[in-house]
Amino acid sequence: MIPLSWYLFLAAALFCIGLYGVLARRNAVAILMGVELMLCAANINLVAFERYVAPGGLTGQLFVIFNITVAAAEAAVGLALIIAIYRSRNTVAVEELDLLRG
């Protein structure tokens with residue numbers, strides 16, 4: 001049986017990679033990919049804790065299904081916004097988006 005610490009280390013590594021992708025990238029699509037990695041790290045934590053704290057239950061898996069649903073909605077809305085911004089500005093670089101300025 002794999003120890004809980006291995007799952008936590010994997011989730012922490014994925015979360016750090018996702019956080020780096022959000023903070024260091026200039027492309028809006030890459031930022032969305034970083035957010036998705038961070039949500040996957042949260043899913044790993046939910047399933048791992050559910051397995052080790054209350055084995056046989058479905059609480060962690062239900063939270064993961066809810067989290068996947070939220071991630072899919074976030075990706076759909078985010079990509080729709082990025083496509084709309086690209087059509088009007090011809091760029092997806094985050095630092096060039098100044099939509100609130102005249």
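Biologist: What covers the buried residues of α2?

Modeller: This is a predicted model. The buried residues of α2 are Ala28, Leu32, Gly34, Met38, Ala41, Asn43, Ala48 and Glu50. What covers them includes two helices, α1 (4-24) and α3.

Biologist: How far does α2 reach from its first C-alpha to its last?

Modeller: Helix α2 has 26 residues. At 1.5 Å a residue, 38 Å is expected. The reach in the model is close to that, at 38 Å.

Biologist: At the start of α2, which backbone nitrogen does a side-chain oxygen of Asn27 reach?

Modeller: The side-chain oxygen of Asn27 comes to within 3.2 Å of a backbone nitrogen there. The cut-off for a polar contact is 3.5 Å. The nitrogen belongs to Val29.

Biologist: Is Asn43 buried or exposed?

Modeller: Asn43 is found in helix α2. Its relative accessible area is 13%. Buried means under 20%, so Asn43 is buried.

Biologist: Which residues is Asn43 in contact with, leaving aside its neighbours within four places in sequence?

Modeller: Helix α3 covers residues 59-89, and it is included in what covers the buried residues of α2. Asn43 is one of those buried residues. Its contacts are Val64, Asn67 and Ile68.

Biologist: Is Asn67 buried or exposed, and which residues does it touch?

Modeller: Asn67 has its place in helix α3. With a relative accessible area of 11%, Asn67 is buried. Not counting residues up to four places away in sequence, Asn67 touches Leu39, Ala42, Asn43 and Leu46.

Biologist: Which residues of α3 are buried?

Modeller: What covers the buried residues of α3 includes α2 (28-53). Asn67, with a relative accessible area of 11%, is one of them. The buried residues are Gly60, Val64, Asn67, Ala71, Gly78, Ile82 and Ile85.

Biologist: Why do residues three or four places apart point the same way in an α-helix?

Modeller: The reason lies in the number of residues a turn. Residues three or four places apart point the same way because an α-helix has 3.6 residues a turn.

Biologist: How far apart are the end C-alpha atoms of α3?

Modeller: Helix α3 has 31 residues. At 1.5 Å a residue, they should span 45 Å. The distance in the model agrees with that, at 44 Å.

Biologist: What is the phi of Asn90, and is this residue buried or exposed?

Modeller: Asn90 lies in the segment after α3. Its phi is positive, near 60 degrees, in a residue other than glycine. The relative accessibility is 58%; the cut-off for exposed is over 50%, so Asn90 counts as exposed.

Biologist: Which residues does Ile44 touch, not counting those up to four places away in sequence?

Modeller: Ile44 is found in helix α2. Its relative accessible area is 22%, so Ile44 is partly exposed. The residues touched are Tyr7, Leu10, Ala11 and Leu14.

Biologist: What separates the C-alpha atoms of Ile44 and Val64?

Modeller: Val64 is one of the buried residues of α3, whereas Ile44 is in α2. Ile44 and Val64 are 20 residues apart along the chain. The separation of their C-alpha atoms is 8.4 Å.

Biologist: Which residues form a nonpolar patch on the surface with Phe49?

Modeller: Phe49 lies in helix α2. It is partly exposed, with a relative accessible area of 38%. The patch has about 270 Å² of accessible area together, and Phe49 forms it with Leu8 and Val53.

Conventions:
Residues numbered from 1 in each chain as written. Predicted model: local features only at pLDDT ≥ 70, side-chain atom pairs only at ≥ 80, totals over all residues. Heavy atoms only, no water. Helix = DSSP H or I, 4+ residues; strand = E, 2+ residues; numbered from the N terminus. Expected span 1.5 Å × (residues − 1). Buried < 20%, exposed > 50% of the residue type's maximum accessible area, 1.4 Å probe, protein only. Contact = heavy atoms within 4.5 Å. Patch = residues over 30% accessible without salt bridge, like charges linked within 9 Å, V, L, I, M, F, W, Y side chains within 5 Å. Areas by Shrake-Rupley, 256 points an atom, 1.4 Å probe, with all protein chains shown as cover. Salt bridge = Lys/Arg side-chain N within 4 Å of Asp/Glu carboxyl O. Polar contact = N/O pair within 3.5 Å; in protein donor to acceptor, adjacent residues only side chain to side chain.
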